[in-house]
Amino acid sequence: FSGVKWDQLGCGEGGCGACTVMLSKFDRLQKKIVHFSVNACLAPICSLHHVAVTTVEGIGSTKTRLHPVQERISKSHGSQCGFCTPGIVMSMYTLLRNNPEPTMEEIENAFQGNLCRCTGYRPILQGFRTFAKVSDVGQLLLQFLLNLSSSLFNSEEFLPLDPTQEPIFPPELMVNEPQKQLCFQGERVKWIQTATLKELLELKAEHPDAKLVVGNTEIGKRAMPRKGSHKVKLIGRMTVASFLGISFGAACPLSEMEKALVAAIAELPSYQTEVFKGVLEQLRWFAGKQVKSVAVSLCVKDSLTPRTRVFAKFSDHYTSTLCIFQGEYFSAFKQASRREDDIAKVTCGMRVLFKPESDQVQELDISFGGMADKTIPALKTTRKQQGRAWNEELLQEVCASLAEELSLEPDAPGGMVEFRRTLTLSFFFKFYLTVLQKLGKDSTDVSEGRAGLVVVPLGSQLFCDDIPPYSNELYLRLVTSTKAHARIKSIDISEAQKVPGFIHFLSADDIPGSNETGLFNDETVFAKHKVTCVGHIIGAVVTDTPEHAQRAAQAVKIEYEELPAIITIEVTDLKIEKGDLKKGFAEADNVVSGELYIGGQEHFYLETHCTIAVPKGEEGEMELFVSTQNTMKTQSFVAKVLGVPDNRIVVRVKRMGGGFGGKETRSTVLSTAVALAAYKTGRPVRCMLDRDEDMLITGGRHPFLARYKVGFMKTGKIVALEVEHYSNAGNTLDLSQSIMERALFHMDNCYKIPNIRGIGRLCKTNLSSNTAFRGFGGPQGMLIAEYWMSEVALTCRLPAEEVRRLNMYKEGDLTHFNQKLEGFTLPRCWDECLESSKYHARRNEIETFNKENCWKKRGLCIIPTKFGISFTAGALVHVYTDGSVLLTHGGTEMGQGLHTKMIQVASKALKIPTSKIYISETSTSTVPNTSPTAASVSADINGQAVYEACKTILQRLEPFKKKNPNGSWKDWVSLTPNLGYSFETNSGNPFHYFSYGVACSEVEIDCLTGDHKNIRTDIVMDVGSSLNPAIDIGQVEGAFVQGLGLFTLEELHYSPEGTLHTRGPSTYKIPAFGNIPIDFRVSLLRDCPNKKAIYASKAVGEPPLFLASSIFFAIKDAICAARAQHADFKMKELFQLDSPATPEKIRNACVDKFTTLEGSIPWDILQFKRAHRL
């Protein structure tokens, strides 16, 4: 496989699908070739005997011919960073190999195991829908709903799919003879593939602790080197065992079980397939195709997050399913944070058998997962119900008994105690209503499930870790703290030194320059005496292979002296104030106050942090290939650590597999360590963080807590506002102050408030430092604004859209930070969105729906955004803040002294010593289209180019020289241009211009479980005169879906000791294909040129993210409808709904007869509130 890039490694646990490949083999039992997708990160190489592997490189490329799948995802703009593209392409390719004309439902299901953080999914589905069957009944509706940007590509130009042109299955793998036992001996692990059951039993007796592996979807995650390893593993054959009737062999993949059950449902009487339908519904949401193709068990033995075996107690073995009798009914339920491919909070299986020709219960079985460390049957409850009629009295009795039998302690593992207890009752109520329907006694609709989605990147890009290894390359692994706050007493590396290939252990003592780092020098490259968070980098090991580095890092033993956790508030506050607040509140008809908590968010870029450092061997030169957004800081921080001038360090970035702000400053924690390792060893060193390391170390979006007080008139007009903002900065300052400043600048969102005060406080905590994230504090500030605005509308009993429009800015108004609004297109966006979404007509339809449905409610909300934009620029002659200059030109040095002459030219032009100037190399990445170094003219032509570049630099420095005429060269170049805003005087312009947009979203919530469906979203966005509408629409959709995760889905969970629990896709859920709005429409505002940017365009990457709050407030609107229906519980009209609006929060807010349990607040929120002395 030399030179083959294969697919990308995104998580290492089969949760993101970036590494999806297709496996093909001859199935001896079915006597045919089968194709199925798997996660390469989990598939043991020794399980691929007689199996063909197809990667994205194997189906087509730009060098030969693109496969239709690659062409369509490219031309439909379904790829942005490109890191996830290979996996998505291979999922679609595998589907087409099995079914060249799939339905839209099959296409949607094919991607349940794939994640994308950039696109918003819509263009991927739109491109691939062109493969769907022409005769598909839903095709016309699909085209109507997803024709949003049909003009962005012409499907008639696509290459046709020709199944006859696909690569043939290798004939040498067509093995139809009995399998033989195979043994694979690794460095520490022996893998044995058995051929018969007798061999398996004998080996298991010989090695009782050996793990039995079939699909490796569970053991694979737990047996990675960093998490321990088993000495012997027995491989079950990845083949389908024969099944007779409805009996499944022990090695039968879940995908084959699905096929068999679907066939049985089509053939058998309806009453005999109750269990089959329940099993299929659970399998639908259990995992993606990659997992179901090889996974063989429905049971995960995990005390915190169990997946209940849907057969529950109805079958004592994995191998069979009992038949259903007439008068017997079965249902299975699952509730998770994200519907697809997520571990359940609570699951259950319920079965009832009635006496013949009656509604009297003969048998009732109920089993739950998620209520203990194993699946538990509710025996006390079910035994009492025999002989009773299926009526309201039985319902009340079962609910009361379940509440008593399934009690959870307030500190039960997994948390969410109130939510989980309520779910047990809600699930039975759903089952009760379902059975009533089937008995013909009730017509209440309790059906579940998301409605089917009717809806020049090609997977060959090179990323940092794709750079081929150097011949003498070494690998680095970080050693991090396991304590939140402690003194380091000792570091023992003796066991690490015994690991084969061990080279060196790096610590603070190895640093030749300064151990201080960070934007404000409040961080260290390596902690020396004290650690201040779990994940604080203490050192690093360097070995010959990544596997040895993992083992060596794990072998380092650190002794700590634990210290109490420190949570403080910085003394200095940030403040913006305008008007007379006291007078404003005095004049107000009403005053509302409250608080809102906004959770943090993990960047979850598909490509984790990666650095390759290559020492050049002279003058301290070093070249770094880094996945970073900030080459300047990477360069300066590395130079500082190594004790060399900035101009000795060259940082290169080919491309990144996502960043979103997470690689702006935090990438330096890795790049400095890798650079130090390369310096110490004199050899190239590489490190790419595992997903769990990345999430632990690098921080994310700042959690916010807001305490607000708003004064307003009866008409809804706002007259006074005071908000205190608290942000969890983590253990260092990083960009927290700048982020809080932007939050304060956006605390008004789009509304004119005459009397206003905003205060921002940064909280230092023993957690990894939080950092920049798309929106940079703006989404937090604006969500708080829209939150109190919604409460104003509720209090005044006025339509929310009218109150928002009433308070909206007008052209020429001054913001609360006194910047004049020019080119204010928001009213146009607002009116267009109201019209295109048919807002008022749909509002009436929703009110009718809510009156007719008791346990499902719909909500609708329209939200505006105003986002400030500022920018920076770069130059060819690089001047660094330490005064050094890196000069790049088009000539090459070959002994003729060309570099020396160029340094002299620059020295004279810039009027600085030649010692300040350095030439590293000639590179086409910095100076394209150069003339050859020949004919003795190189000094002339390149010298003139250098002179012109230096003149440009001097002209740019002139304003700074005038401000400080007595300053030095270093004083002038260390200054950075800004737009001149002052917090002290509340004057100046912090932004160059503003971007505007409006979104209208409709949702439907399940009041019994807290689930919600995103039914429709309409967006109107002002991007100026769009340079590329396809790219701009993609940015809008991608930002919106990332915001959808922030406001409704993504949660970070910490232990009381400060350990992050959510460290991978199995525990941290970003939006998937099934989370996007069923009807997703984006339009760009026409005829709105921006006079302050290139070609009259506008920035579009960050502004649309906040528009996803329209989903959050639509959910809040639906909850209001649910609470209004249960007014007899005497609830307050105003209620707190913190972000994200997860199923737990939605369910607990829908107060009804099932939510009578004691409430509890998650630990991390309690700790955060204590930080503010509340």
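The lining of the second largest cavity comprises 7 nonpolar, 5 polar and 1 charged residues (nonpolar covers Ala, Val, Leu, Ile, Met, Phe, Trp, Tyr, Cys and Pro; charged covers Asp, Glu, Lys and Arg; the others, Gly among them, are polar). The structure is a predicted model, in which local features need pLDDT of at least 70 and side-chain atom pairs count only at pLDDT 80 or more, while totals for chains, interfaces and linings use all residues. Residues are numbered from 1 along each chain as its sequence is written, and side-chain values use heavy atoms, with hydrogens and water left out.

Rolling a probe the size of a water molecule over the atoms shows where empty space is left. A cavity is a set of points, on a 1 Å grid over the protein atoms alone, where a 1.4 Å probe fits but cannot get out; its lining residues have an atom within 4 Å of a point. The second largest cavity has a volume of about 110 Å³ (the space filled by probe spheres set on the points, which are joined across faces, edges and corners). Of its 13 lining residues, Met 695, Gly 699, Ser 768, Tyr 1054 and Leu 1060 lie nearest the centre.

The unreviewed UniProt entry places a "binding site" at Gln 629, Phe 660, Arg 774 and Ala 935; such annotations may be inferred rather than shown by experiment. Phe 660 sits in the loop between strand 25 (649–652) and helix 18 (668–681) (DSSP runs numbered from the N terminus: helices are H or I, at least four residues, and strands are E, at least two). Phe 660 is buried, at a relative accessible area of 15% (buried means under 20%, with a 1.4 Å probe and protein chains only). Not counting residues up to four places away in sequence, Phe 660 touches residues including Gln 629 and Arg 774 (contact means heavy atoms within 4.5 Å).

Arg 774 is found in the loop between strand 29 (756–764) and helix 21 (778–796), and is buried at 7% relative accessible area. Its side chain makes a polar contact of 3.4 Å with that of Gln 1035 (a pair of N or O atoms within 3.5 Å; within protein, one must be able to donate a hydrogen and the other to accept it, and residues adjacent in sequence count only if both atoms are side-chain atoms).

His 609, in the loop between strand 22 (590–598) and strand 23 (610–615), is buried at 2%. A polar contact of 2.9 Å links its side chain to that of Tyr 605.

Terms used. Buried means under 20% relative accessible area, exposed over 50%, partly exposed in between (1.4 Å probe, protein chains only). On a 1 Å grid over the protein atoms alone, a cavity is a set of points where a 1.4 Å probe fits but cannot get out, and a pocket is an open set with protein on both sides within 12 Å along at least five of seven lines; lining residues have an atom within 4 Å of a point.
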